[in-house]
Amino acid sequence: MGDIRNCKQCGKMFQYTGITKICAKCAREDDELFKIVKEYVYDHPGCTITEVCEETGVEDDRVLRYLRQGKLEITGEGGSLVLDCERCGVAIKTGRFCDPCAHEIETELKSGFTKSVEKQKPAGNRMFTAELNKRR
């Protein structure tokens, strides 16, 4: 059974499943607003966030969240670049990290996992189960 939490948008209680911090009703509304924003951006390439917010009625923090989540991408060059890489600060078009930083983080994570797997391997050519039988 999941936790009972308050929705971050409407404040109503809902059963938290570990996936989203908003209730199902607010999630549906958010999906509908995203569709509106996505259609507007598709029909008006190179538009700014201000234009998107004014024409669709969707708040700028939601549009920025869609960009950070990687659901949208800034296509125009110039003043519309409002996202910065959270690691190095370079201007990006979508997501949280630039490509070099994302690659570096991925490499670091993978190397950390391989080191922990190597530590878990039993020493020598013996099978792990044979070593357990000796301890009994």
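# Questions on a predicted chain

Biologist: In which loop is the place of V90?
Modeller: The model is predicted. V90 has its place in the loop between two strands, β3 and β4, the latter spanning 91–92.

Biologist: Is V90 buried, partly exposed or exposed?
Modeller: Buried requires under 20% relative accessible area and exposed requires over 50%. V90 has a relative accessible area of 39%, so V90 is partly exposed.

Biologist: Which residues does V90 touch, not counting those up to four places away in sequence?
Modeller: Contact here means heavy atoms within 4.5 Å. With residues up to four places away in sequence set aside, the residues touched by V90 are L83, D84, C85 and C98.

Biologist: What pattern does the chain follow along the sequence?
Modeller: The secondary structure comes to 5 helices and 4 strands. Read along the sequence, these give β-β-α-α-α-β-β-α-α.

Biologist: Which residues of helix α3 are buried?
Modeller: Helix α3 covers residues 60–68. Its buried residues are R62, V63, Y66 and L67.

Biologist: Why are the buried residues on the same side of α3?
Modeller: The residues concerned are R62, V63, Y66 and L67. They lie on the same side of α3 because they cover an arc around the axis of only 145°.

Biologist: Against which elements do the buried residues of α3 pack?
Modeller: The buried residues of α3 include V63 and Y66. The elements they pack against are α1 (24–43), α2 (49–56) and β3 (83–84).

Biologist: At what angle do the axes of α1 and α3 cross?
Modeller: Two packed helices are described by the distance between their axes and the angle between them. The axes of α1 and α3 come within 11 Å. The two helices are roughly perpendicular to each other. The crossing angle is roughly 85°.

Biologist: How many nonpolar, polar and charged residues are in the contact of α1 with α3?
Modeller: On the α1 side are D30, L33, F34 and V37, and these meet R62, V63, R65 and Y66 in α3. The residues of this contact divide into 5 nonpolar, no polar and 3 charged.

Definitions and conventions: Residues numbered from 1 in each chain as written. Predicted model: local features only at pLDDT ≥ 70, side-chain atom pairs only at ≥ 80, totals over all residues. Heavy atoms only, no water. Buried < 20%, exposed > 50% of the residue type's maximum accessible area, 1.4 Å probe, protein only. Arc of directions from axis to C-beta. Axes fitted to C-alpha atoms, helices over the stretch in contact; angles between N-to-C directions. Parallel < 35°, antiparallel > 145°, perpendicular 65-115°, else oblique. Nonpolar A, V, L, I, M, F, W, Y, C, P; charged D, E, K, R; others polar.
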